[in-house]
Amino acid sequence: MRSRYYSDDKSQSTAEQSEQSNKAETENSDAEAKEKDEVEVSPETSLLHKLKAEEAKVADCMSRLRYLQADYLNLQRNAAREKEQARDFAITKFAKDLLETVDVLSMALKSVPKELVHPPQENSDVASSQSSPSNPPAEKSAEAYLKELYEGVESTQRLLLHTLFKHHVKPYDPVGEKFDPNLHEALYQVPIPGKEPGTVFDCQKVGYMIKDRVLRAAQVGVVQDTQS
């Protein structure tokens, strides 16, 4: 009896076709499930997502707007402060030049002896008796002319200081204060017993401030520390 032999090619091809069919069915089911999920998204859910996205944009815009508003307010404050400083300190150079004139007037007033400007009471009584109606007025003396000149120079200095004061320029005399290099300029030092070292005991030229700035430092003499 002759044996029969069967080929396995047909069975292998059938298995491959079955596997490919199963794979295709799986892909189709996945695609159908995805499409079904997309179809099942409701309009309310879609609108909610869009609303949240728009709210995030609005929040971002509001944050930027607040930053811009803060920057604008800072810019306004800085501009106003710079404008005020420019107005207050515009005359700094002119006022500093005028201080030399004030110094000259002060030196002129100090050079006149006080007894000539303010004579004793007896001399004033004699002068008033000489100018009484019974006696004709005598010719002015040199002291009288000097006194009038002194009063004129004093009035000029007072008016000039008043004008500077209106523009926030004020003098300061630091005698008795502690020496401050930011406010004072030391011209010399002298050891003085009984006085604290580093104290201002003499002022050659008074200092001047324009608002809170030093226009000119006071030129002073300082008590020297003898222990150093």
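## Two strands side by side

Let's start with a pair of strands in this predicted model. Strand β1 is joined to β4, which covers residues 207-210, by four bridges, and the two run antiparallel. To find one of these spots in the structure, look for Y172: its bridge partner in β4 is G207.

What holds paired strands together in general? Strands of a sheet pair through backbone hydrogen bonds, and the pairing can be parallel or antiparallel.

## The sheet they belong to

β1 and β4 are part of an open sheet of three strands, in the order β1-β4-β5, and the pairing is antiparallel. At the edges lie β1 (169-172) and β5 (213-216), each of which pairs on one side only. From one strand to the next, the twist averages 35°.

Which helix packs on this sheet? That is α3, made up of residues 92-110. Helix α3 touches β1, β4 and β5, and its direction makes about 45° with that of β5.

## The chain as a whole

Now step back and follow the chain along its sequence. It has six helices and six strands, and they come in the pattern α-α-α-α-α-α-β-β-β-β-β-β.

How many of the chain's contacts with a separation of 6 or more link residues 24 or more positions apart? The share is 69%.

The chain has 228 residues, and 15% of them count as buried. Its accessible surface comes to about 18400 Å², with 55% of that belonging to carbon and sulfur atoms.

How values were computed
Residues numbered from 1 in each chain as written. Predicted model: local features only at pLDDT ≥ 70, side-chain atom pairs only at ≥ 80, totals over all residues. Heavy atoms only, no water. Buried < 20%, exposed > 50% of the residue type's maximum accessible area, 1.4 Å probe, protein only. Contact = heavy atoms within 4.5 Å. Areas by Shrake-Rupley, 256 points an atom, 1.4 Å probe, with all protein chains shown as cover. Pairing = 2+ DSSP bridges. Axes fitted to C-alpha atoms, helices over the stretch in contact; angles between N-to-C directions.
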